[in-house]
Amino acid sequence: MLRLTLHQMRASAGRLVAAGIAIMLGTAFVAASLLATATIERTTYNSVSSSYSDADLVVVASGGLTDDELASIAAVEDVDAVHTMALLGAEASGPSRTEYVTLGGAAPDSSLESADLAEGELPTAPGQVALTTAVAERLQVGIGDEISSSVEQWEADPDSPDGGTSQSQTATLTVVGLLNEPDAFLFNRASALIEPDQLSELLALARGGEPAHYELTLALAAGADLEEVRDAVGGLVDPSAHVRTVEEQAKITTAQLTGNDQIMTVLLLGFATVALAVAALVITNTFQVLVAQRTRTLALLRCVGAAKAQVRRSVLLEAAILGTLASIAGIALGSGLVAAGLAVLSTLELDVPIDSGLTLSPAVILAPLITGVLVTTAAALVPARMATRVAPLAALHPMEGRDAPSAGRARAVLSTALLVGGFGLLALAMVVVRSSGSDSEDTILLALGVGLLGGIVSLVGLLVGSVFVVPRLIRLVGRLAGQGVTGKIAIANSVRNPKRTASTASALLIGVALVTMMSTGAMSARETLTNELDSRFPVDLSVATGESLSDVQISAVEGVDGVTESVLLSQRDVDAANEDGTSTWLTVAAVEDGELQNVLRDPAAAQPEPGIVVVPSEMASWQGIEDGDRLSLSGSGPEAGSTEVTVTARVTGLDGMVALLDPATFAEFGEVAPASMLWARLADDANERDAVRSVQSTLTDLSESVEGLQAPEISGAAVERAAYGQVVDTLLAVVVGLLGVSVVIALVGVANTLSLSVIERRRESAMLRALGLTKAQLRGMLALEGVLIAGAGALIGAIAGLLYGWAGSTVMLSSVAEVPLMVPWRDLALVAAVALVAGLLASALPARSAVRTSPVAALGVE
Amino acid sequence: MIREPTHSQTRPHRPGTYGRNMTTTPPPATPGTPVSDASAVSAVSARHLTKVYGSGDIAVTALDDVSIQFESGQFTAIMGPSGSGKSTLMHLLAGLDSATSGQVLLGRTDLTALGDNELTKLRRERIGFVFQSFNLLPMFTAYQNITLPSELAGTSPDQNWLDTLIDTFGMRDRLTHKPHQLSGGQQQRVAIARALSTRPDVIFADEPTGNLDSRSGAEVLSFLRRSVRELGQTIVMVTHDPTAAAYADQVVLLADGKIAGTIESPTPESVMSGLDALRTIDQTAVAG
């Protein structure tokens, strides 16, 4: 039987290769996901363990250790050296520049030193420092030069206006060494090393004597008993502290750090599952057709005595062999892709030290292999059963392409139940979220669960019921579009085997539905976010100086490309006394020139009127002001009069630390100073980043060229807004790309189905050619068939995806804001175009073999 | 199969063929060819037609310099043992296959000079086919199958002519049936009606009774004869059944790729003896 199976496989090689590609893509996906995760994990592990250098033990104390404890650990027998990994932020100044550096201690023992000395030596005495080459370059110093470093110390002081005082201690350090760049990935390693005792001193100062050592590395004497020392050290420190070997610690840290990556792995594998499910549909299809093609051979086998079980085994064996080969190819493809990706990444100048070698662990190879084989074999179960049903007598009857029997009533009932139930659950989830109105997480989680279940159930319903829907849809579309006999033949052909057509279309349906769902969801999310951002960041661009803006600056900003509207505001400080007796001071501003409404994205966010002061929410919480508070404002500063105005605070989502008054109220505090702030609105189609940047550079240029002009402070909410949008877009692009794989697999399915139809209808095509069908007409017929099948799948998928997207975004975002139900027309058009082009492409190869068939074939007997 | 337009006059010799350089002058009357008026144009004619399959040592000459004419309004049967080249001859006459050398004329049109698209167009307008396995489109009704050729050509069929055909073949009450609802004989009647629907210059029928029982076969053959006698059609039929051949006006006998004789107004018996004679020649040849 094995020999026969292999022989049959060879005979249907082309068909099997097409099906194998589907499985290959799916397993490649799984393999790539696992490999990527493994690589991230190993990179993290290497990075973590290298930070401990060659230490024998690591002490991790979440409560921190004091200098005394440090000394007592160092005194333990067999402990050669103790190195604190504490870091401290400091300002370092060279001759002309100042830079923020991270101070660390040089290790007392070379086996504990993780820094990589490039030149000179490590500091061994107070007053010495080793800098990374990059820092040294920026500070423009070299070995032998001096820098000054200052450490800030914050002391709480209830009497001071800021609630505390800050002192700084400055030290002069001589550069004695230069370090190679540390791996900045994951760890903020020291960019400047000083002598450990000096570090301890500075730490004591900065932390006010609190324990400052959270992590220590120990070097043990040669021949020391690790366990003994471990116990001894463990006895000295708080029970919450851990004493571990480097290996243990690196594993634990890696697990903590890559926790998020595991979510990514789960997501990736989720997409891989989708791809494999689609591949399974394609496999089932292919094997069904293979069995149909081999009916005669199978019947003959049964005639000469093959048992049903043998026939079934033969089909399953074929699937298993195909699955194995395709999975191996898939693993190779996936590894290749990851290797290529790593190679590209390692050529980029990233801070991440990427190990470009692949980690081919047994799991990475076995998991995709087993999944691939299982999926392929499982997908062949139905065709295998079909094969056992071939009666031995079929060998004696001439085979004529007969219409496949239509699907049963049970299937119709089942699919209707699934569809009604699934969409019902979806609707329920939406209703729950909308009506509850609460943003309690439990409600959302519940609704999400219900919605997800509904989505899966209805998708299964669609797949089960596609055999009813797809042919009807094709006939309907065909009736509307298809004129002429070739069109009629194409339509009739594409619904000739409803089950096969439906499952081919279903494979595409899944991918399209998910892509549409994601893009609908992303669009709703972006729209919701935009509304949210409009009220949070109503001003695109703000330019402010401590003094006043000159006309040159104003016209320069207004002249920048992308700036459409601008308004000038003047500012002053006022004292504000709250009803409850507290008092504070506010910076208030009022429009001096221009219409405020023109520059605001959300007019409601900043609408000052007589008797009202608009307070940004951040400022309000900072100053202890609540919405509706009555504030008595009085002028502050020397020239302020005794005017006092009582206004009601209106806290809005406006950002910044400037409250808004209407111009008339503002004027009551005395002479209005010239405008010192400009708010501008950017055109909707402008590139926010570029616009803000060019405003920035224009103003910097002005301050350098014009005497007495200060470079104003620029804050661009526009950039933040753009960043949010970009995050959504990037995520969407990634997700759509991943789901795209399943669409590609589905297209392999369409091509496969078409080429099988071509083979089955070889005589029919030949007859049509004999009767006068031109080659172009034959090609057109097949193209139309491909487009119809792909189009039906895409259309149903797009509608389902739209519903899923709406339901999903309603459930997930309605706690943030009202979610508009948007139709992503552009993306839908794209999906439609892809489906149509794909249908055409899928028909290209089958059509090539179809037109090669000579009309003479119609005359011959099979 | 891509067929480049070729001109038999310039076609070079191929090794192992018996082809001759063709001239544009009418061929001499080949022995056995039905005698015709020199000035009248035959429905279909072949001039020095040669077809070689393969090349070199494995070259097989299926047709060896065959010249023959089929007159309008005639029902001709081509007979011969298996491998005599009768199917090849029909394929070449119908423009389904390309000749190694020689010429095929449909009326005054030289088929050997036409490209694939021109041939396709010519087939749907001027040639009809009846196949052994009926070859109806299973998803179309009988009526849709009958009008298929004119639909392919994008023309509307002549309704009067269709009515005539439908009534002649007694298919009026079967028009909305799908092929699988029809008996074999009925399916073949639909196929004949389809072949006649465009009033082609000639109809080629390849073993039209091969898949039918004798009663249905006889019925189909009498319909073919009525098409010639009553509707004035021209039919060339390939068959190996002497009873079927007896329905024709004349029988052309083929052996070893050559015309071995003709039988006018054949009867089953005269065809049988004609075939026997061929076999005797064969045996003599083998014996010799």
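Predicted model: local features only at pLDDT ≥ 70, side-chain atom pairs only at ≥ 80, totals over all residues.
Local features need pLDDT of at least 70 and side-chain atom pairs pLDDT 80 or more, while totals for chains, interfaces and linings use all residues. Residues are numbered from 1 along each chain as its sequence is written, chains are lettered from A in the order in which they are written, and side-chain values use heavy atoms, without hydrogens and water.

Trainee: How much area do chain B and chain A bury between them?
Mentor: Buried area is the accessible area (1.4 Å probe) that two parts lose on being put together, summed over both. Of this area, 63% lies on carbon and sulfur atoms. The two chains bury about 2600 Å².

Trainee: Which residue of chain A forms a salt bridge with B:Asp116?
Mentor: A salt bridge needs a side-chain nitrogen of Lys or Arg within 4 Å of a carboxyl oxygen of Asp or Glu. The closest N and O atoms here are 3.1 Å apart. The partner of B:Asp116 is A:Arg769.

Trainee: Is the pair of A:Phe423 and A:Tyr804 stacked or edge-to-face?
Mentor: Rings of Phe, Tyr and Trp (its six-membered ring) pair if their centres lie within 6.5 Å; planes under 30 degrees apart count as stacked, over 60 as edge-to-face and the rest as tilted. A:Phe423 and A:Tyr804 are 6.0 Å apart centre to centre, with 15° between the planes. The pair is stacked.

Trainee: Why does A:Tyr804 count as buried?
Mentor: Buried means under 20% relative accessible area, exposed over 50%, partly exposed in between (1.4 Å probe, protein chains only). A:Tyr804 counts as buried because its relative accessibility is 7%.
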